[in-house]
Amino acid sequence: MKREINLFIVLLIGMMGLLAACGSAETPAPTVAPPPTSAPTPTDAPPAEPPAPAAPALSGHIVFPVYDETAGTYNIFMAKADGSDRQMVVAAASQPDLNSDGSRIIYRSWQGDRRGLMERGVEGGEPWIFNAHFEAGRPKFAPDNMSFLFHSQEAGEKPAIYRTSGPEYDVLRRESNPIQGEAPAWTPDGQSFVYKTCLATDCGLFFSHIDGGNLRQLTKELSDTNPAVSPNGQSVVYMSQGSGNWDVYVINLEGSNMTQLTTASGNDGLPTWSPDGRAIAFVSDRGGEWAIWAMNPDGGNQRQLFALGGSIDGAVQLDVANSWGWRGESIDWAP
């Protein structure tokens with residue numbers, strides 16, 4: 001009996017130890033599954049590059065000369081800014097310029113029996129010959145459409161700047177001397193102009209009031225020519241061979257911040273402003289053919305608008321001595 005009691009005590013002590021051991025063991029932590037991985041949302045992606053600024057929509061009409069190799073002379077054409085509605089405006093003529101609403105045109109006539117500078121309606125009509133000298137050229141409408149600037153050699157061996165007044169015209173003077181120069185361009189207020197000239201050894205583009213006052217030099221390169229003043233009167237575009245190639249440049253009207261706008265191979269020149277001042281048109285043969293190109297005022301968004309359908313560079317066989325090739329030509333842009 002005593003032996004059975006001892007055996008029961010041993011078994012009881014063993015069971016209590018087993019229960020204590022089980023109670024002291026750590027209970028495994030439940031396994032937690034990681035959250036599912038989701039596909040990146042648009043907000044997770046890096047920010048997209050901003051789109052390139054679109055070229056401004058262009059409107060209005062551009063007039064331009066094209067050389068006719070068979071006839072040995074120029075003809076003036078007009079087209080919308082996208083090249084559509086192309087039509088010949090004046091035969092045997094070049095150096096066109098339009099009035100402010102694009103309804104009238106002035107130009108240099110190369111007709112054998114009717115030479116000189118003329119004005120008429122774009123749609124036609126009898127022209128007014130306001131200067132019959134063979135060497136006169138580059139006429140420009142005043143902003144008020146009431147007078148023209150042009151250059152001519154009739155007052156001496158070097159070209160000088162002239163202005164019409166009603167049916168008459170006279171040379172502009174500075175201190176009683178003719179203002180010598182060429183390729184004049186009005187400022188929008190009609191009180192001043194920019195032109196190409198040389199004063200002693202100083203050559204380039206100059207600014208002057210119509211009365212000859214307030215003369216100042218803007219550029220200092222001999223080849224700088226064919227200026228055009230922006231509609232807001234703040235900038236001047238022009239063409240120059242200063243870099244060794246004909247390119248388009250811009251400079252502030254007071255003569256600061258000169259910038260080269262075109263750098264492509266080939267010839268770029270004859271710049272003109274769009275009527276709203278948001279674009280510059282120019283001629284170029286950079287693509288292997290002469291065409292009208294456009295760009296923003298800072299030189300961006302350069303693109304071809306339309307091909308000329310021929311060359312702008314030629315010598316008028318009727319008067320080779322007074323025909324200066326494409327560098328003596330002009331284009332214009334009006335509404």
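Buried means under 20% relative accessible area, exposed means over 50%, and partly exposed lies in between (1.4 Å probe, protein chains only). This is a predicted model, in which local features need pLDDT of at least 70, side-chain atom pairs count only at pLDDT 80 or more, and totals for chains, interfaces and linings use all residues. Residues are numbered from 1 along each chain as its sequence is written, and side-chain values use heavy atoms, with hydrogens and water left out.

**View A. The salt bridge between R104 and E119.** A salt bridge is a side-chain nitrogen of Lys or Arg within 4 Å of a carboxyl oxygen of Asp or Glu; by this rule the count comes to seven. In this pair the closest N and O atoms are 2.4 Å apart. R104 belongs to strand 5 (residues 104–111) and E119 to strand 6 (residues 114–121), so the bridge ties together parts 15 residues apart in sequence. Strands (E, at least two residues) are DSSP runs, numbered from the N terminus. E119 is buried at 10% relative accessibility, while R104 is partly exposed at 33%.

**View B. The salt bridge between E126 and R114.** The closest N and O atoms are 2.8 Å apart. E126 lies in strand 7 (residues 124–131) and R114 in strand 6, so parts 12 residues apart in sequence are tied together. E126 is exposed at 62%; R114 is partly exposed at 26%.

**View C. Q95, a residue with positive phi.** Q95 is not a glycine, yet its phi is about 55 degrees. This residue lies in strand 4 (residues 93–98) and is buried, at 1% relative accessibility.

Conventions
Helices (H or I, at least four residues) and strands (E, at least two) are DSSP runs, numbered from the N terminus.
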